[in-house]
Amino acid sequence: MRYLLLAGALALSACGGDAPDEEAQTTPVEAGPMVGDEVPVEQQPLPEIVSPLAEADPLTPGTYCYFRHDANVTEGLEVMVNSDGTVSGDNWGIIHQEAAGYYAAFSTVLTSGMIDDTAAVMFDTQTDVDGDSQGGSAIWYLATEGAVPDGLDIMLEPAECEGLEERVQEAGAP
C-alpha cells in the first residue's frame, strides 16, 4: 500500500500535478479594491452625512444663538452676521460622557466666516479643550432653523442669547 501511494505521488509530480503553473508565475494577480463585507469595519469609509440645512437660506445680518443638550455634550453657539456678510462667533460647551467617566470643557472661536448664497459658512477656528489649544477650520450650516457642524449628525436648536452660557453650564454640569 505504501508503495502504491509513493508511486501515485511520483506520477502526479511527473505530470506536473505538484508543480506550479508557469503562466500563473509570470502573470501578476491584480488585487482590486475590496468592498462590502471584505473590508474590516474600521477601514470602511464613513457614510457621507448631508446636513439637513444644506438647502436652507443663508442668515441675514444679526446675532443668532443655538443650544444642544444630549447624553454626551451640552453646548451653545453664538454667531454674529455683519451687514458686509462676514460672520464670527463662539461655540462652547461641556463634554460629559458619564459612562466613560470623561468630562471636559471646550471653547471655539469662529472667525473669517463669509455668508454667500448657501447656509454653509467656513470658519477659521481656535479651539481650547481643557488647556490644549488647536487651530483649524470648520464648516457650519447656519440657518434660522438651527446650526449643524459639517459632517456631524447633530443639530443645535435656536435659543435665546441672554443667559445661554449659564444654561450650558447648568445643564452640562456633572
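User: Why is Arg 68 called buried?

Analyst: Buried means under 20% relative accessible area, exposed means over 50%, and partly exposed lies in between (1.4 Å probe, protein chains only). Arg 68 has a relative accessible area of 11%, so Arg 68 is buried. This is a predicted model: local features need pLDDT of at least 70, side-chain atom pairs count only at pLDDT 80 or more, and totals for chains, interfaces and linings use all residues. Residues are numbered from 1 along each chain as its sequence is written, and side-chain values use heavy atoms, with hydrogens and water left out.

User: What makes the pairing of Arg 68 and Asp 70 a salt bridge?

Analyst: The rule asks for a side-chain nitrogen of Lys or Arg within 4 Å of a carboxyl oxygen of Asp or Glu. Arg 68 and Asp 70 have an N to O distance of 2.6 Å, and their side chains meet in a salt bridge. Asp 70 has a relative accessible area of 30%, so Asp 70 is partly exposed.

User: Why does Asp 90 count as partly exposed?

Analyst: Its relative accessibility is 35%, so Asp 90 counts as partly exposed. Asp 90 lies in strand β3, residues 86-97.

User: What makes a negative surface patch, and which residues form the one here?

Analyst: Patch residues have over 30% relative accessible area and no salt bridge, and like charges are joined within 9 Å. Asp and Glu count as negative. The patch here is formed by Asp 90, Glu 160, Glu 162, Glu 165, Glu 166 and Glu 170. Helix α3 (residues 164-172) gives the largest share, 3 residues.

User: Why is Gly 136 called partly exposed, and where is its place?

Analyst: Gly 136 has a relative accessible area of 37%, so Gly 136 is partly exposed. Its place is in strand β6, residues 132-143.

User: Which residues is Gly 136 in contact with, leaving aside its neighbours within four places in sequence?

Analyst: Contact means heavy atoms within 4.5 Å. By that rule Gly 136 is in contact with Phe 123, Asp 124 and Thr 125. The C-alpha atoms of Gly 136 and Phe 123 are separated by 8.5 Å.

Technical notes
Patch = residues over 30% accessible without salt bridge, like charges linked within 9 Å, V, L, I, M, F, W, Y side chains within 5 Å. Areas by Shrake-Rupley, 256 points an atom, 1.4 Å probe, with all protein chains shown as cover. Charge placed at Lys NZ, Arg CZ, Asp CG, Glu CD. Helix = DSSP H or I, 4+ residues; strand = E, 2+ residues; numbered from the N terminus.
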